[in-house]
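Here's a friendly walk through one protein model. Have a look at it first, then read on for its sheets, helices and cores.

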Amino acid sequence: MVLPSAVSFRAARQALLARTELHGDAFCRALAAAADDWLTGLLEAASRGDHGGVGLLAVGGYGRGELCPYSDLDVVLVHKGRRDVGSLADAVWYPVWDEGIRLDHSVRRPKDVLAVARRDLRAQLGLLDGRLVAGDAAVVIPLVAEARALWQKKAQRELPVLARQVEQRRAEHGDVAFLLEPDLKEAHGGLRDIHAVVAAALGVPTLADEVDLSTLEQPRQVLTAARVELHRLTGRATERLLLQEQDAVAAALGFADADALMAAVSQAGRTVAWMTDDVWRRQVSPGASHRTRGRGARGTQELPQQPHTVEPGVAVRSEATGTAQVVLAPDAEVADDVTLPLRLAAVAAERGLPIGRAALDTMARASPTPPEPWPDELRRSLVRLLATGPAAIVALEALDQRDLLVRLLPEWKAVRNRPQRNAYHRYTVDRHLLETASQAAQGAWATRRADLLLVGALLHDIGKGFPGDHTEVGMKVMGEISRRMGFAEPDVAVLVGLVRNHLLLADAATRRDLDDPATTDTVARAVGDSQSLELLAALTEADGLATGPAAWGPWKAGLVADLVRRVRHRLAGGALPATAPSPITDRHRQLMGQARNLGRTVVVAEVPTVAVVARDRPGLLAAVTGVFALHGLDVRSADAAGEDGFAVEIFAVEAARRSWPDFERVGDEIDAVLRGTLALEERLAERNRLYGRKRPVSAHPTPVSVTVDNAASDRATVLEVRAPDRVGLLHAVTGALFAEGLDVTTARVSTLGEEVVDAFYVRDHASSTKIEDPRRLADIDHAVRRALELR
């Protein structure tokens with residue numbers, strides 16, 4: 001049925017969006033049909049039924065019938081010299097624009113369409129999916145056939161360009177398979193990669209015989225279904241599946257939860273990337289970029305060279321395309337050599353070569369399950385592979401594609417494709433483990449036991465695949481795996497200790513006062529010996545680098561290095577000071593004199609350190625942190641001390657918007673808050689409205705929690721506050737602590753994605769003692785929670 005032009009496409013789209021039983025391809029086809037009917041009605045009305053010599057051509061996703069809710073309408077009005085084509089075009093385009101529909105359009109003669117295709121790869125690829133929407137079939141159908149013929153003539157020359165575009169998208173958008181918030185369309189393994197390889201197959205007929213493109217259909221359906229629901233949910237053409245959208249998309253598609261959805265998306269991306277990477281490796285190489293693959297200069301078949309054996313069972317074979325790959329040697333004893341998969345992968349990683357698909361298939365069929373315990377050579381082969389760093393990720397992913405990694409480590413199946421449900425992480429659990437091992441390899445041989453570091457890095461989060469606390473469960477699983485690998489019991493204890501303490505250094509460095517001797521003593525007792533400390537320090541850095549930019553930077557690296565230095569000194573028998581040194585220096589005393597003479601607060605910055613010197617009075621810290629928040633300063637640490645009636649507060653800060661304020665003005669505003677002439681709470685609320693929404697958002701916001709630790713310090717009670725991050729949070733907490741009659745001597749702030757963990761060293765204002773009365777602690781807990789929940 002042809003819809004009259006008066007019927008709104010937007011209304012038709014809304015009607016389809018309301019049909020929640022329509023998902024994925026079914027929705028896309030229905031929406032494309034609605035668009036066809038609408039555009040047909042527009043063209044029919046404009047031409048009054050006389051559409052001879054003019055036709056409307058749908059290209060790209062619309063041409064394929066893969067029209068997601070808020071995708072563009074990609075159309076070409078093709079004509080053979082009709083004089084009224086301008087008015088026809090206006091009669092079609094303007095109603096589209098009036099409805100706010102995104103339109104990618106052009107008006108061209110057939111020869112001009114082909115001319116554009118010759119010079120513009122994007123236009124050429126769009127024409128491969130071209131189809132007639134309305135008008136004269138004699139104009140459109142021959143054009144589509146000519147465009148496809150043109151592509152077959154030029155495809156081999158264009159494949160390197162297409163392959164570079166794939167790599168550029170990967171560099172910009174990452175991998176669908178491993179990101180927690182993947183771009184379903186642009187990321188590697190996404191929908192654009194599918195379209196690119198299908199286009200390659202249309203242009204190079206031999207390619208369709210070499211690879212099974214049908215294996216891409218199921219992943220395409222998964223990604224399309226998720227994309228449709230993402231558009232439906234957000235009401236716009238968004239392609240990145242953010243954490244806060246994943247629960248709703250999962251529910252709409254009938255998944256048990258968001259984890260199940262993201263596991264399916266991850267597997268889809270993995271399958272697409274695996275297939276398409278092989279296509280580009282086969283088709284695009286220095287020796288194949290300007291000729292038909294597999295043909296010599298005179299059209300004769302070029303045969304691959306005989307494999308060159310590089311070690312028992314492992315060979316390198318050069319291909320006719322000018323590439324090489326690692327393969328099984330003719331005499332490989334696949335069924336009898338349990339080390340072969342890891343050794344073959346190690347050779348591939350060391351030489352920067354892919355593993356041949358036939359070799360992977362053969363090993364998947366015939367490789368034996370490792371005995372228990374592993375032979376020494378098998379364990380050494382794993383360490384050898386991990387030591388190659390980033391190249392090991394590619395090789396281990398290849399083994400995992402054929403379940404060879406799970407055959408070696410059955411526990412790996414529990415973490416494969418497993419998402420991590422917070423914005424602090426950027427990778428799935430399995431990819432995070434591979435990335436951590438890769439980072440650890442960079443300096444592994446500078447440690448006394450590189451093998452323990454590499455295996456510890458690979459498995460430090462293995463507990464995330466099982467129910468329960470991931471550290472407690474991970475210790476048990478690590479013990480089982482490391483014994484199965486054949487490690488001696490002392491080494492098993494070290495590996496289990498790495499799992500137990502893998503968060504210790506980062507947490508202590510960022511949440512505890514390093515000048516407090518109790519901090520060093522606590523960490524030294526937990527670590528036990530200098531070798532474990534060395535390994536743990538290397539693992540901490542590798543884990544942070546692999547987690548994401550929010551998890552490791554110069555500030556945290558410096559704190560961890562300082563803590564490691566102190567703990568190393570303690571483990572070597574060195575003495576610790578009985579009390580923490582005073583942070584007040586002669587420079588601070590000069591500033592006290594300046595503040596006394598001026599009668600105002602003095603703020604001095606040597607960024608990132610900011611010192612605030614003021615007459616000591618109740619609520620000073622809350623006022624300072626509130627004014628800092630107004631100026632976009634994120635506090636990472638704070639230390640407070642007093643002398644002769646003056647307070648010295650020293651902060652490590654970061655400028656959220658990369659610009660530093662006028663610190664004299666900051667001092668004036670602190671005084672205004674303390675006088676009651678600056679409406680701090682109202683100003684903070686306004687800033688939170690303006691900037692708060694730009695911070696990461698989770699589908700499951702962190703509940704506010706307050707934990708008391710009276711063992712962490714001999715001189716103060718440590719309160720650890722967890723809460724969703726927002727503007728002015730530190731001010732709210734310090735204000736609540738002040739209202740409860742507490743002095744904050746030290747504060748440490750860690751931001752973990754959308755979550756903040758603040759640690760406060762507090763003492764009773766009147767007695768300068770720790771808080772140990774359970775009723776008083778309960779009141780403090782209630783006050784902090786109330787202060788955060790009210791804002």
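Ser 750 has its bridge partner, Val 757, in strand 15. Strand 14 (residues 742–752) and strand 15 (residues 755–764) run antiparallel and are joined by 10 bridges. Strands count as paired here if DSSP finds at least two bridges between them; helices (H or I, at least four residues) and strands (E, at least two) are DSSP runs, numbered from the N terminus.

Zooming out, the open sheet has 8 strands in the order 8-9-11-10-14-15-13-12, with antiparallel pairing. Strand 8 (602–606) and strand 12 (705–709) each have a single partner strand, so one side of each lacks a neighbour in the sheet. From one strand to the next, the twist averages 20°.

## Helices on that sheet

Helix 29 (residues 663–675) packs on the sheet and touches strand 8, strand 9 (609–615) and strand 10 (633–643). Its direction makes about 145° with that of strand 8. Then there's helix 32 (residues 774–789), which lies across strand 12, strand 13 (717–724), strand 14 and strand 15, at about 150° to strand 12.

A touch, or contact, means heavy atoms within 4.5 Å. Axes are lines fitted to C-alpha atoms (for helices, over the stretch in contact), and angles between N-to-C directions run from 0 to 180 degrees.

## How the model is read

This is a predicted model, where local features need pLDDT of at least 70 and side-chain atom pairs count only at pLDDT 80 or more, while totals for chains, interfaces and linings use all residues. Residues are numbered from 1 along each chain as its sequence is written, and side-chain values use heavy atoms, leaving out hydrogens and water.

Another open sheet has 4 strands, ordered 3-2-1-4, and its pairing is mixed. At its edges stand strand 3 (103–108) and strand 4 (131–135). The twist averages 25° from one strand to the next.

Strand 2 (residues 73–79) pairs with strand 3 in the parallel sense over 6 bridges, and Val 75 has His 105 of strand 3 as its bridge partner. Helix 4 (residues 85–98) lies across strand 1 (54–58), strand 2 and strand 3, running at about 180° to strand 3.

## The nonpolar cores

A nonpolar core is a set of buried Ala, Val, Leu, Ile, Met, Phe, Trp, Tyr and Cys residues joined through side-chain atoms within 4.5 Å, where buried means under 20% relative accessible area (1.4 Å probe, protein chains only). The largest one has 88 residues, and Leu 385, Trp 412 and Leu 458 are among those touching the most other members. A second, separate core of 52 residues includes Val 603 and Leu 684.

Technical notes:
Buried < 20%, exposed > 50% of the residue type's maximum accessible area, 1.4 Å probe, protein only.
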